[in-house]
Amino acid sequence: MTIGKHRLGAAGGKTLDVFNPATGEIIASVPRGGVEDVDKAVKAARAALNGEWSSMSPVDRQRVMLKIADLIEANGEELAQLETLNNGKSVMLSRLIEVGASADYMRYMAGWATKIEGSTIDISVSVPPGTKYNAYTRKEPVGVVGAITPWNFPLNMAVWKIAPALACGCTVVIKPAEETPLTTVRLVELCLEAGLPEGVVNVVTGTGEEAGAALTAHPDVDKLAFTGSTEVGKRIGIQAMRDMKRVTLELGGKAPMIMFDDMDLDQLGIAAGVGVFFNSGQTCCAGTRVYAQKGVYEKVCEIMAQVTQSLPIGSGLDPANQINPMVSAKHQAHVSACIAGGIAQGATPLLDTSPYAGAGYFVRPQIFTNVNRDMAIMQEEVFGPVFTITPFEDPEDAVRMANDTKYGLGASIWSTNINTVNRYVPRIKAGTVWVNTHNLPDQNMPFGGYKQSGIGREHGRSALDNYLETKSVCIALG
Ligand code: NDP
């Protein structure tokens, strides 16, 4: 862990093993931080907030953030290999997203550091009569941020929280997922190397129940930033309300992909490869519920099955492999249970149902037809290489079925008819609706959920508001 400028073990001396999902072997152990460690880290973050960091100008904050981005790139291959060893994902994705998109996002947010502004306000109050006032707003850092991140994009999710926090002048204590702490630990070392004052970003490794809960409940944390399951997100939200902490929650999804008769069938490769199987399906906005209009339904089933069968399964260290291991033995068991549950509830599997032989936490991809809304695979997050295909005739039925979920993170519409697209985009209850593509976030495009997929938006200008307080200033003119 890094607290202030010190690399520390846990106060209690406990450690957690870290595994390589492709082999099941232990590759590292990290401190199992708890209440005492979190308290130390929050104190370091508070001291940094009141110290050198607060007196640094926006352009100096920007300069150090740009240096962090440079160091992410300069150490990119090490970070990518580390991520793939720890998370299991394709090294190609580690290079592209964990390293490339993280460096880009740090630079994007560095740009905002010098553009934070309030506004001048004309006000009507006039007490005593005739008095004039000059009023304006200031945007100020919200304070100490407690960031809790998941295992599916470990380095990238850490940067999604740290970059806007730094742009706004906040300080951070981050707790990475227990399965995938390694790149976050390395990132915080790089922050110090870049010249970020000590204590501005601290990392406490450990479990959610211990370190995560301690961070959530800590009285001196001003804001919580969380990505993960809806279940844990609700717990964090409740705690935040108890303390009136600011909170942003990016939670689960069950994204629909609605395919109309006039879609371009050549795009089904993208729909499967990027829409569903990106990161082996371990993505919150994966398109796990396909609704295909009657005219293309058979073709969609046939082509998506062909594409899926052609995806090579294996270790992420070989970039040719597109289905990589699940992150942990526990998650492998969860995804396998979801597939077994689908079969038990009467859905028809289109692909090989035999377990994948060999070491590592692999699961064969699966597609289900003959599904209905009451099946668990239609309502619950599988978070693996599994999706369903449902036929529809009337577009109104497709809209109703697409919205028939507690989630609302992402969705897509596949059609070459501009009228169809424009008619149905507003009808979908989701934070992002893609058209003729799926699963592509961008640093400048707000990202977040409707319904139980979360609260708040990350990315873009709107991400800054999560890390800023608005202060109104009212000056009576003499
Ligand atoms: P969790 O929501 O449990 O974990 C996300 C983060 O929250 C981790 O850092 C975790 O720590 C931490 N955490 C867990 N419990 C608490 C707590 N009580 N207080 C504070 N922090 C806590 O997700 P899982 O890893 O268990 O995955 C379960 C399911 O969640 C997946 O199958 C998937 O459906 C969904 N998920 C969604 C993600 C998304 O991007 N929206 C990302 C990951 C998962 P630790 O890991 O150490 O326990």
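1. Two strands are taken to pair if DSSP finds at least two bridges between them. Helices (H or I, at least four residues) and strands (E, at least two) are DSSP runs, numbered from the N terminus. The model is predicted: local features need pLDDT of at least 70, side-chain atom pairs count only at pLDDT 80 or more, and totals for chains, interfaces and linings use all residues. Residues are numbered from 1 along each chain as its sequence is written, and side-chain values use heavy atoms, with hydrogens and water left out.

2. The three-strand sheet. An open sheet has the order E5-E6-E20, with antiparallel pairing. Its edge strands are E5 and E20, each of which pairs on one side only. Between E5 and E6 there are two bridges: Thr120 has Tyr136 as its partner in E6, and Ile121 has Ala135. E6 is joined to E20 (residues 468-476) by nine bridges. Within that pairing, Arg138 stands opposite Lys471 in E20. In general, strands of a sheet pair through backbone hydrogen bonds, either parallel or antiparallel.

3. The E3-E4 hairpin. Strands E3 and E4 form a hairpin with four residues between them. Gly24, in the turn, has a positive phi of about 80°. The two strands run antiparallel and are joined by six bridges; Leu16 has Val30 as its bridge partner in E4.

4. Faces of E3. In a regular strand the side chains alternate between the two faces of the sheet. Along E3 (residues 15-20), Leu16, Val18 and Asn20 point to one face and are buried, where buried means under 20% relative accessible area, exposed over 50%, and partly exposed in between (1.4 Å probe, protein chains only).

5. Ile27. This residue is placed in strand E4. Ile27 counts as partly exposed because its relative accessibility is 34%. The C-alpha atoms of Ile27 and Ala48 are separated by 33 Å, the two residues being 21 residues apart along the chain.

6. A nonpolar surface patch. Ile121, Ile123, Val125 and Val127 make a nonpolar surface patch of about 310 Å². Patches are made of residues with over 30% relative accessible area and no salt bridge; like charges are joined within 9 Å, and nonpolar side chains (Val, Leu, Ile, Met, Phe, Trp, Tyr) within 5 Å. A salt bridge here is a side-chain nitrogen of Lys or Arg within 4 Å of a carboxyl oxygen of Asp or Glu. Val125 lies in the loop between strand E5 (120-121) and strand E6 (133-141). Its relative accessibility is 45%, so Val125 counts as partly exposed.

7. The ligand shell. The ligand is surrounded by 30 residues, the closest being Thr149, Trp151, Lys175, Ser229 and Glu381; a residue belongs to this shell if one of its heavy atoms lies within 4 Å of the molecule. Helix H8 (208-217), strand E10 (223-227) and helix H9 (230-243) each supply at least two of the shell residues. H8 gives the most, with four residues.

8. A polar side-chain atom of Trp151 lies 2.6 Å from an oxygen atom of the ligand. For Ser229, an N or O atom of the side chain is 2.6 Å from a ligand oxygen atom. For Glu381, a side-chain N or O atom is 2.6 Å from an oxygen atom of the ligand. Taken alone, the ligand exposes 860 Å², and the protein buries 88% of that. Accessible areas come from the Shrake-Rupley method with a 1.4 Å probe; for residues, only the protein chains shown count as cover.

Notes: A polar contact is a pair of N or O atoms within 3.5 Å; within protein, one must be able to donate a hydrogen and the other to accept it, and residues adjacent in sequence count only if both atoms are side-chain atoms.
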